[in-house]
Amino acid sequence: QIIHRDIKPENLLLSKHGILKLCDFGFARPLGGPGARYTDYVATRWYRGPELLTGDTAYGKPVDVWAIGCMFAEMTNGLPLFPGESDIDQLFHIVRCNGPLPARQMDCLTTNPLFDGVNIGGLKDGRGDPSHSLQSRFLGLPYQAIQLLKRCVANDPRDRDTCAELMAHA
């Protein structure tokens, strides 16, 4: 019942025996009950889920699943999945690949004073760009790997797999 909130390559350690360990729990927090709120300014931008980028403070374990998916993709080719130069650029990378943000995230974005005056037209009606889809960007990956990636980086956190579901994936 802990969310790490800063999963990234620098926070993974691999022993000479192949044991993977997660480190740096500075942003980690125990999960609160229903309605719990957390700060949205956590995690390194490239591994930050869209709910964090839009300023949603009611999030949970799916933020870590998103980061795991971003790292999984990066492990396949050495390149960050969504290398945004700012939060809004990060969102454009995500929408261009995955399509539109869910209504809750759009509500958070449009009411977030940090984005006041920012032209977000492309985010409102963005349908994704097939040339930037996960399938087109990772042509060499097996079908099952693409499916696992999609289940990690779904824009809507409710559509992301749990860690137990990911562990059971083929």
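Predicted model: local features only at pLDDT ≥ 70, side-chain atom pairs only at ≥ 80, totals over all residues.

Arg 48 is buried, with a relative accessible area of 5%.

**Salt bridges**

- Across the whole structure, a search finds 7 salt bridges.
- One of them joins Arg 48 to Asp 87, with the closest N and O atoms 3.1 Å apart.
- In contrast to the buried Arg 48, Asp 87 is partly exposed, at a relative accessible area of 23%.
- Arg 48 and Asp 87 also take part, together with Arg 45, in a network of salt bridges.
- Another salt bridge is formed by the side chains of Arg 160 and Glu 51, at 2.8 Å from N to O.
- Here distant parts of the chain are linked: Glu 51 is in helix H1 and Arg 160 in the loop between H7 and H8, 109 residues apart.
- Arg 160 is buried, with a relative accessible area of 5%, and Glu 51 is buried as well, at 2%.
- Asp 6 and Lys 8 form a further salt bridge, in which the closest N and O atoms are 3.8 Å apart.
- Both Asp 6 and Lys 8 are buried.

**Aromatic pairs**

- The count of aromatic pairs comes to 2.
- Tyr 38 and Tyr 59 make a tilted pair, with 5.3 Å from centre to centre and 45 degrees between the planes.
- Tyr 38 is in the loop between strand E4 (29-30) and helix H1 (50-53), and Tyr 59 is in the loop between H1 and helix H2 (62-77), so the pair ties together parts that are 21 residues apart in sequence.
- Tyr 38 is buried, with a relative accessible area of 12%, and Tyr 59 is also buried, at 8%.
- Trp 66 and Phe 82 have ring centres 5.7 Å apart and planes at 20 degrees, so this pair is stacked.
- Because Trp 66 lies in helix H2 and Phe 82 in the loop between H2 and helix H3 (87-98), the pair ties together parts that are 16 residues apart in sequence.
- Trp 66 is buried at 0% relative accessible area, and Phe 82 is likewise buried at 0%.

**Helix H7**

- Helix H7 covers residues 143-152, and its buried residues are Ala 145, Ile 146, Gln 147, Leu 148, Leu 149 and Cys 152.
- The elements that cover these buried residues include H2, helix H6 (134-137) and helix H8 (163-168).

**Cysteines**

- The structure holds 0 disulfides.
- For Cys 23, the closest cysteine sulfur is that of Cys 163, and the two sulfurs are 17 Å apart, which is too far for a bond.
- Cys 23 is partly exposed, with a relative accessible area of 22%.
- For Cys 108, the closest cysteine sulfur belongs to Cys 70, at 19 Å, again too far for a bond.
- Cys 108 counts as buried, at 16% relative accessibility.

How values were computed:
Residues numbered from 1 in each chain as written. Heavy atoms only, no water. Phe/Tyr/Trp six-rings, centres within 6.5 Å; stacked < 30°, edge-to-face > 60°. Helix = DSSP H or I, 4+ residues; strand = E, 2+ residues; numbered from the N terminus. Buried < 20%, exposed > 50% of the residue type's maximum accessible area, 1.4 Å probe, protein only. Contact = heavy atoms within 4.5 Å. Disulfide = S-S within 2.5 Å. Salt bridge = Lys/Arg side-chain N within 4 Å of Asp/Glu carboxyl O.
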